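Open the model in your viewer and keep the selection tool ready. We will go from stop to stop, and at each one you will get something to select and a note on what is there.

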Amino acid sequence: MIQLYNTLTRKKEPFIPQNKEEVTMYVCGPTVYNYIHIGNARSTVAFDTIRRYLEYRGYPVKYVSNFTDVDDKIIRTAKEQAMSPKDLSETFIEAYQEDTAALNVQPACCHPKVTDHIEDIIVFIEELMFKGHAYESDGDVYYRTRSFENYGQLSHQSLDDLEIGASQRTGDEQLKKEDPLDFALWKKVADEKELSWESPWGPGRPGWHIECSVMATKHLGNTIDIHGGGEDLQFPHHENEIAQTEAKTGQLFAKYWLHNGYVTVGEQQEKMSKSLGNFVTAHELLQKEDPQVIRFALATTQYRRPIPFNEKTLASAKSNLQRIRLAVKNSQFRLATAAEALPDDADMLAYIEEIEQRFIQEMDDDINTANGITVIYEFISWINHYLEKEAVSAVVLKTLLERLTVMMKIFGIELNEEADTESDERIEGLIQERNEARANRDFARSDEIRDLLKNEGIVLEDTAQGTRWRRE
């Protein structure tokens with residue numbers, strides 16, 4: 001049975017969805033004013049991998065991830081670039097979709113935008129006010145934090161500790177609040193030229209926290225199975241989501257709270273973030289590196305663990321992925337001359353089944369991709385050893401290729417990439433010419449072809465079964 005680490009309870013719990021026919025999953029998406037950085041991409045990849053594994057284990061997933069397309073950062077950046085906030089946000093929504101597609105992230109079932117849910121947000125706030133959980137103050141609306149008995153349960157902080165921090169804040173907004181701990185649900189906009197919407201409290205725009213509560217419940221219902229996001233969202237964002245949502249519905253908001261670890265950089269292993277200026281955008285990195293290598297690096301660390309982002313991490317991912325791809329290519333090569341079946345097939349197939357069961361056992365433990373990929377590395381070693389045999393079975397080769405392909409897809413890695421047919425035919429033709437040259441003892445021409453292909457990044461391997469080739 002799958003076990004998930006629930007941030008709310010600080011322990012692993014058996015995964016028991018409300019309805020095994022449809023698991024509901026909400027993941028906080030980006031604020032679209034810039035390209036996502038690798039830390040943002042890590043969160044997107046982590047929850048895509050979790051979704052893929054749940055689907056592999058037989059759970060259909062209704063996956064919702066939002067776009068925050070109204071925010072002070074968006075408005076400020078739009079002014080700097082002489083664009084409308086809408087044009088700016090649409091530009092970076094498109095960029096997000098392009099970059100995540102390159103990382104082989106499956107599109108969400110729904111990508112709701114804040115600007116499409118303003119009326120829903122207003123209605124949600126009105127109900128909180130009606131129940132005494134929110135109040136208006138000079139055009140702003142605030143949530144009464146102390147009205148929610150369990151506030152602080154997710155981040156495991158007490159109201160007393162939070163009050164000490166809140167009491168040190170200064171500014172006009174603090175003067176409007178009944179309590180320093182209260183947070184904004186609706187923000188007044190005084191300048192009529194600024195982006196705003198009409199509301200019962202005057203022109204304004206929604207606070208950040210209310211947006212996800214509204215979109216999650218609208219698209220997935222009052223209680224969802226999994227709510228995910230980055231570790232930095234535990235407080236205050238997710239804490240506030242719980243308070244306002246459960247105060248409105250009177251029901252549990254999410255059964256399982258999952259948070260991914262940071263991407264870290266530098267000798268001090270600082271968290272990658274735009275505010276610290278130590279980030280690399282996914283868009284920039286995708287121009288330099290194989291997207292599948294980036295995906296492999298991000299997906300094969302267990303989602304709650306930090307990932308140090310450096311050249312060593314990418315080099316290791318590239319090397320390990322190349323090793324897997326080479327085993328696939330060599331297995332496909334041996335298929336051409338494989339026997340239809342062999343006497344030891346049953347033992348070989350039993351081992352493949354054992355490998356997949358071990359993979360499931362490791363992945364069931366809080367989606368432990370690091371241990372899962374270790375099992376696959378063992379599988380690759382076994383495949384390479386099997387391929388050294390004088391006779392191999394087509395049944396075994398087809399089965400191992402099928403199971404390896406399925407398991408690697410969970411990590412977002414596609415092993416059956418579309419071939420460049422024209423290029424491959426040319427390479428095969430040159431190899432055939434080289435084989436003929438060797439048969440005729442024309443070693444000068446044979447070496448010339450090997451060197452020509454080597455300069456193009458094609459490595460030849462002469463084996464008892466013929467000449468194999470691979471791209472470096």
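Start by selecting helix H4 (residues 118-130) and helix H8 (residues 234-249), whose axes come within 9 Å and cross at roughly 70°. Helices here are DSSP runs of H or I with at least four residues, strands are runs of E with at least two, and both are numbered from the N terminus. The axes are lines fitted to C-alpha atoms, for helices over the stretch in contact, and angles run from 0 to 180 degrees between N-to-C directions. H4 and H8 are therefore roughly perpendicular to each other; that label covers 65 to 115 degrees, while under 35 counts as roughly parallel, over 145 as roughly antiparallel and the rest as oblique.

A word on the model itself: it is predicted, so local features need pLDDT of at least 70 and side-chain atom pairs count only at pLDDT 80 or more, while totals for chains, interfaces and linings use all residues. Residues are numbered from 1 along each chain as its sequence is written, and side-chain values use heavy atoms, with hydrogens and water left out.

Now show side chains where the two helices meet. H4 brings Phe124, Glu127 and Leu128, and H8 brings Gln244, Thr245, Ala247 and Lys248; contact means heavy atoms within 4.5 Å. By class, this contact has three nonpolar, two polar and two charged residues. In this scheme Ala, Val, Leu, Ile, Met, Phe, Trp, Tyr, Cys and Pro are nonpolar, Asp, Glu, Lys and Arg are charged, and the others, Gly among them, are polar.

While H8 is selected, go to Pro236, which is in this helix. The peptide bond between Phe235 and Pro236 is cis, with omega about 5°.

Next, select Tyr143 in strand S6 (residues 140-143). Is Tyr143 buried or exposed? At 0% relative accessibility, Tyr143 counts as buried; the cut-offs are under 20% relative accessible area for buried, over 50% for exposed and in between for partly exposed, using a 1.4 Å probe and protein chains only.

Step back to Asp138, in the loop between strand S5 (134-137) and S6. Phi of Asp138 is near 55°, a positive value in a residue other than glycine. At 48% relative accessibility, Asp138 counts as partly exposed.

Now for another helix pair: select H1 (38-56) and H10 (291-299). H1 and H10 pack at an angle of about 75°, with their axes 9 Å apart, which makes H1 roughly perpendicular to H10. On the H1 side the contact is made by Ile38, Ala41, Arg42, Val45, Asp48, Thr49 and Arg52, and on the H10 side by Arg295, Leu298 and Ala299. This contact of H1 with H10 has five nonpolar, one polar and four charged residues.

A cavity is a set of points on a 1 Å grid over the protein atoms alone where a 1.4 Å probe fits but cannot get out, and lining residues have an atom within 4 Å of a point. Grid points are joined across faces, edges and corners, and a volume is the space filled by probe spheres set on the points.

Which residues line the largest cavity? Select Arg42, Val45, Ala46, Thr49, Ile50, Leu298, Ala299, Thr301, Tyr303, Ile367 and Thr369. H1 gives the most to this lining, with five residues.

Pick out Ile367 from that lining. Ile367 is in the loop between helix H12 (345-364) and helix H13 (369-387). Its phi is near 50°, a positive value in a residue other than glycine, and at 1% relative accessibility Ile367 counts as buried.

Finish at the second largest cavity, with a volume of about 40 Å³. Its lining includes Ile38, Leu298 and Phe309, and H10 supplies the largest share, three residues.

How values were computed: 1 Å grid on protein atoms, 1.4 Å probe; cavity = no way out; pocket = protein on both sides within 12 Å on 5 of 7 lines; lining within 4 Å.
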